[in-house]
Amino acid sequence: MSITLNPPPELTPGPRPKTTYTLAVCLYPQFTMLDYQGPIEILTAFPSQNRQNLGFIEFLPKFPDIGIEPDYLSHTNEPVEPLMGPNVVPTGTYKQAMEEGKQYDLLLIPGGNAHPGNVDPSLMEFIKNQYPKAKHILTVCTGSWILAGTGLLNGKKATTNKMLFKTIQECTKDLNINWVPKARWMVTDDKKIWTGSGVIAGMDLANAFMEYFVGKEFAYQACMSVEFTSRGQDDDEWASVHGLV
C-alpha cells in the first residue's frame, strides 16, 4: 500500500518589515529556559528572515511593519546550561558585542538561579553599556533582580517572581525600588523597562509589550499562533498565595 502525500503549499515571500529591531537575549548558567523561550515565541512572531515560511498560514493574513531579530549572548561561546532542559549555544558574548560597539534595540533578561552576585560581571557591564541607547529592556522572573544589581531600577517600579519576592525586596532595600507585589507585569512610566513576574508571566509581559510595540491586532495574531491566552496586568493570584497582599 502506498501513500500519496499532497504537495506542500507554494510559499511566497511575505512583505519584509520597514524596520528591523535587534534583540539581545541575555543568557547565563542556570537560567530558566521558559523565561526567554516563551516570550521569544511572541516577540519574534513576525521575523524578517522566515516570513516566506509563514505567509501561507491563513490566520496570519498580514504582518506589521516591524520585525524583531534575536541574538543569544552569554559570557563565553560555550553552550550554556539552564536549570532544566538542553544546553543553549550562544551566538556571541557580551564582551564581543561591547568590543564591536554593537548596540541592541531590545534586551531580554530571563530569570533562574539569578542574582547580581551569581552572574558573570560581563553581563552586568553589558546591560549598563546598552541601557542609554536601548529602546526597551524586558525582564522575566528574577531577571529583574539582575537588572536591580546594575542600579538601573533605582527609583522605578518593578515586579518579580512572587515566591522570591520578599527575598529580593529585602536584598534590594537600599536601592529605592518600588517592588509591586500584585502585578503580572509592570512597566515604568517612560515605557523603557518592562518587568514580569515568574516564568509563565513572561508571556503575558511579551504580549503586553507587543500590544504597545506593534498594536493589539498583531499582538493577538502572535498569541493566536501559539494558542496563548494572555492575562492582564493585575491578574496575579500568586501575590496572595505567597502572602504579599
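This is a predicted model: local features need pLDDT of at least 70, side-chain atom pairs count only at pLDDT 80 or more; totals for chains, interfaces and linings use all residues.
**Exercise 1. Find which parts of the chain the Lys 157–Asp 189 salt bridge ties together.**

Step 1. Start with the distance. The side chains of Lys 157 and Asp 189 meet at 3.2 Å, N to O.

Step 2. Lys 157 sits in strand S6 (residues 157–158), and Asp 189 in the loop between strand S8 (185–187) and strand S9 (193–196), so the bridge links parts that are 32 residues apart in sequence.

Step 3. Lys 157 is partly exposed at 27%. Asp 189 is exposed at 68%.

**Exercise 2. Describe the Arg 231–Glu 237 pair, and state how many salt bridges there are in total.**

Step 1. Arg 231 and Glu 237 join through their side chains in a salt bridge, 2.8 Å from N to O.

Step 2. Arg 231 is partly exposed, with 28% relative accessibility. Glu 237 is partly exposed too, with 31%.

Step 3. The total comes to 6 salt bridges.

**Exercise 3. Work out how strand S1 pairs with S2 and S4.**

Step 1. S1 covers residues 19–26 and S2 residues 66–74. They pair in the parallel sense over 8 bridges.

Step 2. Strand S4 covers residues 106–109. S1 and S4 also run parallel, joined by 3 bridges. Here Val 25 has Leu 108 in S4 as its bridge partner.

**Exercise 4. List the buried residues of helix H3 and name elements that cover them.**

Step 1. H3 spans residues 121–130. Buried means under 20% relative accessible area. Ser 122, Leu 123, Met 124, Phe 126, Ile 127 and Gln 130 are buried.

Step 2. The cover includes strands S1, S2 and S4, together with helices H2 (94–99) and H4 (143–149).

**Exercise 5. Characterise the largest pocket by volume and lining.**

Step 1. The volume is about 240 Å³.

Step 2. Sort the lining by class: 6 nonpolar, 4 polar and 2 charged residues.

Step 3. Locate the lining in the sequence. It includes Asn 161, Lys 162, Met 163 and Leu 164. Arg 184, Trp 238 and His 242 are also among the lining residues.

Key:
Residues are numbered from 1 along each chain as its sequence is written. Side-chain values use heavy atoms; hydrogens and water are left out. On a 1 Å grid over the protein atoms alone, a cavity is a set of points where a 1.4 Å probe fits but cannot get out, and a pocket is an open set with protein on both sides within 12 Å along at least five of seven lines; lining residues have an atom within 4 Å of a point. Grid points are joined across faces, edges and corners, and a volume is the space filled by probe spheres set on the points. Ala, Val, Leu, Ile, Met, Phe, Trp, Tyr, Cys and Pro count as nonpolar, Asp, Glu, Lys and Arg as charged, and the others, Gly among them, as polar. Two strands pair if DSSP finds at least two bridges between them. Helices (H or I, at least four residues) and strands (E, at least two) are DSSP runs, numbered from the N terminus. Buried means under 20% relative accessible area, exposed over 50%, partly exposed in between (1.4 Å probe, protein chains only). Contact means heavy atoms within 4.5 Å. A salt bridge is a side-chain nitrogen of Lys or Arg within 4 Å of a carboxyl oxygen of Asp or Glu.
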